[in-house]
Amino acid sequence: MIGMDILQPVVALLAWTMVMWVWMYATRIPAMNKAGIDAKNLVGSNGASLRAKLPDSVSWKADNYNHLHEAPTLFYAVAIVLAIIGQGDGFNTTLAWAYVGLRIAHSIVQATINRVIVRFALFALSSFALMALILHAALAVF
């Protein structure tokens with residue numbers, strides 16, 4: 001179907017989000033056990049209280065998992081709009097793949113070395129790709 005190519009990067013980012021979910025729990029659960037945290041008896045706890053008891057490198061995965069539920073929601077919405085109006089192919093698909101690649105790179109940086117300047121550069125570049133997609137959708141629907 002015309003304009004549906006953009007759904008491939010959408011599904012790729014959805015899958016990557018689940019990779020981060022697995023990575024988050026694969027590091028968080030052992031860290032909680034090592035810290036003597038009994039998850040069965042936690043009541044009313046929040047992320048901040050748990051974060052104080054875990055190494056930063058463990059929390060970085062959770063931070064990134066949360067970040068994958070922020071700006072990417074705009075990506076999902078604009079990609080679906082572009083697919084529906086038949087403009088989810090060609091350059092828009094290239095922009096979408098660039099967005100996904102940059103977000104994956106952002107995840108890897110944040111989950112491993114967490115250098116803020118590198119994360120910021122990747123986030124800014126991905127945001128420009130997202131802005132271009134939104135602009136293309138706006139030009140097509142207005």
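A crossing is called left-handed if the near helix is turned anticlockwise from the far one by less than a right angle, and right-handed if clockwise. The model is predicted, with local features needing pLDDT of at least 70 and side-chain atom pairs counting only at pLDDT 80 or more, while totals for chains, interfaces and linings use all residues. Residues are numbered from 1 along each chain as its sequence is written, and side-chain values use heavy atoms, leaving out hydrogens and water.

Helices here are DSSP runs (H or I, at least four residues) numbered from the N terminus, and their axes are lines fitted to C-alpha atoms over the stretch in contact, with angles from 0 to 180 degrees between N-to-C directions.

| Helix pair | Angle | Axis separation |
|---|---|---|
| H5 (residues 91-111) and H6 (residues 116-141) | about 160° | 9 Å |
| H4 (residues 71-84) and H5 | about 160° | 12 Å |

H5 and H6 are therefore roughly antiparallel to each other, a term for angles over 145 degrees, and H5 passes H6 in a left-handed crossing. Their contact (heavy atoms within 4.5 Å) involves residues including Phe 91, Leu 95 and Tyr 99 of H5 and Leu 122, Phe 123 and His 136 of H6. By class, this contact of H5 with H6 has 15 nonpolar, five polar and two charged residues, where Ala, Val, Leu, Ile, Met, Phe, Trp, Tyr, Cys and Pro count as nonpolar, Asp, Glu, Lys and Arg as charged, and the others, Gly among them, as polar.

H4 and H5 are likewise roughly antiparallel, and H4 passes H5 in a left-handed crossing. Ala 71, Pro 72, Phe 75 and Leu 82 of H4 meet Asn 92, Ala 96, Tyr 99, Val 100 and Arg 103 of H5, a contact of seven nonpolar residues, one polar and one charged.

How values were computed: Helix = DSSP H or I, 4+ residues; strand = E, 2+ residues; numbered from the N terminus. Parallel < 35°, antiparallel > 145°, perpendicular 65-115°, else oblique.
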